[in-house]
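Hi,

Here is the structure I promised to pass on. Have a look at it first, and then read my notes below.

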Amino acid sequence: MAHIFVAFIALFLGGTAGLLQVLVRSGHFELPWGIGYYQVLTVHGVLLGLILTTFFIMGFHIAGVSRTSGALSSKQRLLCWIGFWSMTIGTAMAAAMVLLNEASVLYTFYAPLQAHWIFYVGLALVVVGSWIDGLGQSLRWIQWRKENPHQTSPLLSFMAVCNNLMWFVATIGLAIEVLFQLIPWSLGLVDRVNILLSRTLFWSFGHALVYFWLLPAYMVWYVVVPKVIGGKIFSDALARLSFMLFVIFSVPVGLHHQLTEPGIDGSWKFLQVVLTMMVVIPSLLTAFSLFATFEMRGRELGGKGVFGWLKKLPWGDARFFAPFMGMLIFIPGGAGGIVNASYQMNQLIHNTIWVTGHFHLTVATAVVLTFFGASYWLVPHLTGRTLTKQLNRLGIIQTIVWAVGMIIMSSAMHIEGLLGAPRRSAFSDYGGAEIAKTWASYQVAQAVGGTLLFIGIILFLYIFVKLCWFAPKGEQEFPIGTVAPHAQKTPAFLENFKIWIVILVALILIAYTFPIYDIIQNSPLGSIGYKLW
């Protein structure tokens, strides 16, 4: 609950910044008290893209591992608390610098934009804290394996360990960038940094970040939603295979964010585009598995015909409806991701607001709606209260408001991006009244959609407060699905992390060794101060 409290404080503050952002972009609103547009943009990106997600995911992991593998030991719990406080202190440090307008860097560690060194140290503490947090959770899974040899481990705990492993590997490049480039540079110890190298190290993390957001949503979809609808998990083996594929294909794909960057040979970009497209495989496995679960349950309840089973699903249950809407909207989000990663189509939409619209379909809808749906059972389960019919109905309304607001805002972003509108830019920076006028109607639509989203945040936080302190006391189930009886036994190799880690390391070395060597070898070093960089 400590993690979840911080996450939803970040949701409110980041959501407020997002509302201000779309209002400013509409051209009909100016920020008061000398607050800058890029300051608000950074608040929105950091709090929602990094803080909300990381804190909620770590809290959800702890709850899931404790529920399925047993209560954490005192040592494991201590590690999780150390991780929590490290992340919280780091968040406060970074937030202070943003509020002082010393870190308006569009939320990324993206040179040549430079923030105050305290901002970088703060976010480094968030990352390191998440490592410690994840270690505490993973040790509990390892303990379960030792206590139950030759048995298949609990699926939810296995998935949490996969996500922690992927996150740790992905953030190694980011840690190198921050520790050896950005902090010395922001302290004035060196005059400049190798920009291309810093961006390459950043994107070795930046795309895997998307899967760090997404995999906990998949955990809910695979394990929780089947129980909520009264069905069974279609296949334990398929679920584990999809997670392992995400682990090995999530990191060595970052160059597809750098397709327009000079200084990286095109053959290496193309290789990583191919590896990026491999992620489509676990995505399609997930879609097949989930809709097989839905169809089996719908037909058990009497659904006839090709789509008759859909009518039998519990559409009035917010615990199902919110994640399902996230799944549904993830379909166009995934299609947009294929455009982003395509070697040719990326040329049209690179660094336009199309990309922002894509992120809002994936993390801000598929992931966040699933987190909302999970909160409707997780929070009352942890606080000893119940989700009442009134709060459930309000959860349905909140989901509809969020989905409608996001469809309006994201559609406008996608269309405006196709017309060439840049991302991360204030209305006043668009380059002339005539150009700004071309996109004006789409920016107004974004403001309308963003306002609906803020209303959705307020509705959700009202439900959250009620579930924490005011809903009737009682017992709320932590829904954990069981595997369908016809499912085949899970092969042991799917739980053998040694095999998958070797494959992961090999793919990373193939994908990054030569590009980074080329960057260091061919870039002018100047007065950087570090021979290696």
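What follows is a run through what I found. Bear in mind that this is a predicted model.

Let me start with the inside. The largest nonpolar core takes in 172 residues, and those with the most contacts within it are F8, L11, I51, F119, M159 and F294. Helix 6 (residues 195-228) gives the largest share of this core, 24 residues.

The part I'd look at is around E495. The side chain of E495 pairs with that of R145 at 2.9 Å, N to O. That link spans distant parts of the chain, since E495 is in the loop between helix 15 and helix 16 (497-522) while R145 belongs to helix 4 (residues 117-147), 350 residues apart. E495 also meets R240 in a salt bridge, this one at 2.8 Å, N to O. R240 lies in helix 7, and E495 in the loop between helix 15 and helix 16, so this pair ties together parts that are 255 residues apart in sequence.

R297 and E300 form a salt bridge with their closest N and O atoms 3.0 Å apart. The two are 3 residues apart in that helix, which means about one helical turn separates them. E300 is exposed, at 54% relative accessibility. Back at E495, salt bridges with shared partners join R145, D236, R240 and E495 into one network.

On the surface, there is a nonpolar patch made of I400, V404, I408, V444 and V448, with about 350 Å² of accessible area together. Helix 13 (389-418) and helix 15 (440-470) are the elements that each give two or more residues to the patch, and helix 13 has the largest share, with 3 residues.

V404 is found in helix 13 and is partly exposed, with 39% relative accessibility. Q398 is in helix 13 too, but Q398 is buried, at 0% relative accessible area. Setting aside neighbours within four places in sequence, the contacts of Q398 are F372, Y376, G456, L459 and F460.

P252 is another buried residue, at 0% relative accessibility, and P252 sits in the loop between helix 7 (236-249) and helix 8 (266-277).

Finally, a check on helix 1. The 24 residues of helix 1 (residues 2-25) should span 34 Å at 1.5 Å a residue, and the end C-alpha atoms are 35 Å apart, which agrees. After helix 1 comes G27, with a positive phi near 85°.

Cheers

Note on methods:
Residues numbered from 1 in each chain as written. Predicted model: local features only at pLDDT ≥ 70, side-chain atom pairs only at ≥ 80, totals over all residues. Heavy atoms only, no water. Core = buried A, V, L, I, M, F, W, Y, C linked by side-chain atoms within 4.5 Å. Buried < 20%, exposed > 50% of the residue type's maximum accessible area, 1.4 Å probe, protein only. Helix = DSSP H or I, 4+ residues; strand = E, 2+ residues; numbered from the N terminus. Patch = residues over 30% accessible without salt bridge, like charges linked within 9 Å, V, L, I, M, F, W, Y side chains within 5 Å. Areas by Shrake-Rupley, 256 points an atom, 1.4 Å probe, with all protein chains shown as cover. Salt bridge = Lys/Arg side-chain N within 4 Å of Asp/Glu carboxyl O. Contact = heavy atoms within 4.5 Å. Expected span 1.5 Å × (residues − 1).
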